[in-house]
Amino acid sequence: MLTIDNISKSFGTYRALDGVSLHVRRGSVFGLLGPNGAGKTTLIRIINHIIRPDGGTLLFDGHPMTDADVMQIGYLPEERGLYKKMRVGEQAIYLARLKGLDKATAEQRLRQWFDRLEIADWWNRRVEELSKGMQQKVQFVVTVLHNPQLLIFDEPFSGFDPVNADILKREILRLKEQGATVIFSTHNMPSAEELCDDIALIDHAQVVLSGSLADIKASHPGQDLDRIFINTVRSY
Amino acid sequence: MNKILLVIQREYSTRVKKPSFWILTLVVPILLAALYAIPIMLATKPMEHANVLVVDDSGLFQGQFRSGRDITYFDAGSLDYAKRQLASVDTLDAIVFIPARETSIPQDAFLYYRSDAPSMSVQSDVNSQLQEILRNVILLDVHGITPDDYAMLTSTHIRLRTQDIETGRDGFLQIKLVIGVVLALLVFMGVFMFGSQVMRGVMEEKTSRIVEVIVCSVKPFQLMMGKVVGIALVGLTQFALWVVLSGIAMSGVRIANADLFEQATSRHSVTEVASKGTEATTQYEAARYQQAQYEAGEGIDNDLKDLIEGLASINFGLLIILFVFYFLFGYLLYASLFAAAGSLVDNETDSQQFTLPMTVPLLLTFLLLPAMINEPSGSLSTWLSIIPFTSPIAMLFRIPFGVPIWQIVLSVVLLLATFPLCIWVAAKIYRGAILRYGQKATWRDLFRFVKTKN
């Protein structure tokens, strides 16, 4: 689905990514792990064509990634944000239309999603009237509305209570069953263990560990992902 | 292209739906209508009648105060008597007291009142009558000039007309000045008002972090231009509504007070109103009202003639076309810079670091207006009206006075050439800065953003 080949990026003298290569299999859930400031968000922004890498290439479905391919991505940034003064429904339709959906389809799909998540009565409320958790739920729906092939979630569970985090997990797995490929970055190792097929551990701008979750656990017998994470980052 | 339309549509509809947009849209015509109606209503509305006692110990003012429609003067013998009257009779309002003279010309006069101070109109009537009576006394006693002669002398009026010897037409410089300054002010305020809306819009997207989601769907340039154009349309809508609503409000005022307007605008009724209260018995007063007639009637006629001829001498077709052109491109030039400034900062206070230097040309032109007024075709005015960053204000100010065609063409061409360049630079800065948080941007960052390829 997505091949990241030898990507590097510097900001001034600061090296954010140093020759990062990864492969994300179609239909898998890929966990991007690593301590704060390791370069995860920079990598995600490069995949979304928000910033340009200094070197390296991205292959999407086997071809060099274009701006049109970015439209096949649903991206939930770590720093969530919506227009505070706009009404929920109106805003969701606007963002969906920017992704290329027509108005009628966008509204129909939104109504379905809102009904399933039991948030239909938020439709006409202003975003600023919603709690932070509620806003995140709306933003999650907006992210997946255009049925993207590739979903990228940056710290999707931060700011959610356990009940809503569980709803979110189930929705992510449901999307995977429907054929979507998912990349998500997290600090929450239990949820990574629960959801991921493959993981990559990034530290100091480099990939220090990657592979399928099963292989990695087999090569570190008796350790959970938390322990593996801490030991790998320390020894590096 | 479709996406930029979506952005424009959102920028437009969210702003036009805001209550603040409609409040501003309604308040301006209401204010204008009030400004239009209040002076006329005040002028024609009868005031409360005042009764004033005059106590003259100097011997110069006795019987000289003339009562009017709103004030009646009564001579009262002694101050003590007058004071007792004022204290006991409710319909009396004040006492004018002129003490006995120590010098040949009295220095002080007093206005006594009970509890409520006399109104400003009573005070000013008393004051002007005091001055006038004293002046007449001196004119007659010292110089032998009668009030009639004086009225005749002061009623002469010679009009100074400025004329171009080539065309032989009047210059009407004052009217042109007013139009020029109003146009310059409109552009100045419009650019600042709508430019800062652009900046706040950009900052809202940046601080709410929604921009990270949006730039995955639209290019930063599309987002920036969509906002600039959307807000320009909001501004045009507001101006159009102001013009239409002000027109409606003013004709409403005119229709509702048709009788008052007839009184106030017809020359004959003006003099009638003025003379109604007082009977013009003496020749002096007749002369006085002749003068009033001149001022109210012929004076207005001449001013009106000047105004109409002056307006006719201005090329309004050209003026309107150039006004729209300079307003639009002046706005686009500065709005793109405001957008860049908004992308550089996290809050409004920091924004001044960038908005201040970039608006210097605008402020400078505005501050130099007095110098330009002095010499609308001088070298300062000419240069400012050609330089792209100052021309939207300076050229519009000069247009009513007539500007050589080559200067207009040069100014327009330079502005058209600068505008894409300015937007290009602004878009570069915007693209580089919009996703940076926390670090305060410096001027060096700015140059780096501009140099960054693509």
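# Helix packing and chain contact in a two-chain model

In chain B, helix α1 passes helix α8 in a right-handed crossing. The model described here is predicted, and every value below is computed from it.

## Helix pairs in chain B

Chain B contains 18 helices and four strands. Of its 454 residues, 31% count as buried. Among the contacts in chain B with a separation of 6 or more, 72% join residues 24 or more positions apart.

Two packed helices are described by the angle between their axes and by the distance between those axes.

| Helix pair | Angle | Axis distance |
|---|---|---|
| α1 (residues 2-17) and α8 (residues 220-256) of chain B | about 40° | 8 Å |
| α12 (residues 316-344) and α17 (residues 405-433) of chain B | about 20° | 8 Å |

The α1(B) and α8(B) pair counts as oblique. On the α1(B) side, the residues that meet α8(B) include B:Lys3, B:Val7, B:Glu11 and B:Arg15. Their partners in α8(B) include B:Leu223, B:Gly226, B:Lys227 and B:Ile231. By class, the residues of this contact are 11 nonpolar, four polar and four charged.

An α-helix has 3.6 residues a turn, so residues three or four places apart point the same way.

For α12(B) and α17(B), the angle of about 20° falls under 35 degrees, so the two helices are roughly parallel to each other. Their crossing is left-handed. Residues of α12(B) in this contact include B:Phe325, B:Phe329, B:Leu332 and B:Ala339, and those of α17(B) include B:Leu415, B:Phe419, B:Cys422 and B:Ile429. The contact divides into 17 nonpolar, three polar and no charged residues.

## Nonpolar cores

Which residues have the most contacts inside the largest nonpolar core? They are B:Ala335, B:Ala339 and B:Leu396, in a core of 127 residues. Helix α12 of chain B supplies the largest share of this core, 14 residues. B:Ala339 is also one of the α12(B) residues that meet α17(B).

Apart from neighbours within four places in sequence, B:Ala335 touches B:Phe194, B:Gly195, B:Val198, B:Val228 and B:Ile231.

B:Ile40 lies in helix α2 (residues 19-44) of chain B. It is partly exposed, with 17 other C-beta atoms within 10 Å. B:Ile40 and B:Asn257 are separated by 217 residues in sequence, while their C-alpha atoms are 9.4 Å apart in space.

## Contact between the chains

How many residues of each chain are in contact with the other? The contact involves 19 residues of chain A and 15 residues of chain B. On the chain A side, β6 (73-76) and α3 (88-98) each supply at least two residues. The most come from α3(A), which gives four. By class, this side of chain A has 11 nonpolar, two polar and six charged residues.

Helix α3(A) is mostly covered, with nine of its 11 residues buried. The buried residues include A:Val88, A:Gln91, A:Tyr94 and A:Arg97. The buried residues of α3(A) pack against α4 (103-116) and α5 of chain A, and also against α1 and α7 (211-214) of chain B. Just after α3(A), A:Gly100 has a positive phi of about 105°.

A:Asp61 has a phi near 55° and sits in the loop between β4 (55-60) and β5 (63-64) of chain A. A:Asp61 counts as partly exposed, with 13 C-beta neighbours inside 10 Å.

A:Asn147 has a phi of about 45°. A:Asn147 is in the loop between α5 (132-144) and β7 (150-154) of chain A. Is A:Asn147 buried or partly exposed? A:Asn147 is partly exposed, because it has 14 C-beta neighbours inside 10 Å.

Definitions and conventions. Residues numbered from 1 in each chain as written. Chains lettered and ligands numbered in written order. Predicted model: local features only at pLDDT ≥ 70, side-chain atom pairs only at ≥ 80, totals over all residues. Contact = placed C-beta atoms within 7 Å. Nonpolar A, V, L, I, M, F, W, Y, C, P; charged D, E, K, R; others polar. Buried ≥ 20, exposed ≤ 12 C-beta atoms within 10 Å, placed from the backbone. Core = buried A, V, L, I, M, F, W, Y, C linked by C-beta atoms within 7 Å. Axes fitted to C-alpha atoms, helices over the stretch in contact; angles between N-to-C directions. Parallel < 35°, antiparallel > 145°, perpendicular 65-115°, else oblique. Left-handed = near helix turned anticlockwise from the far one by under 90°.
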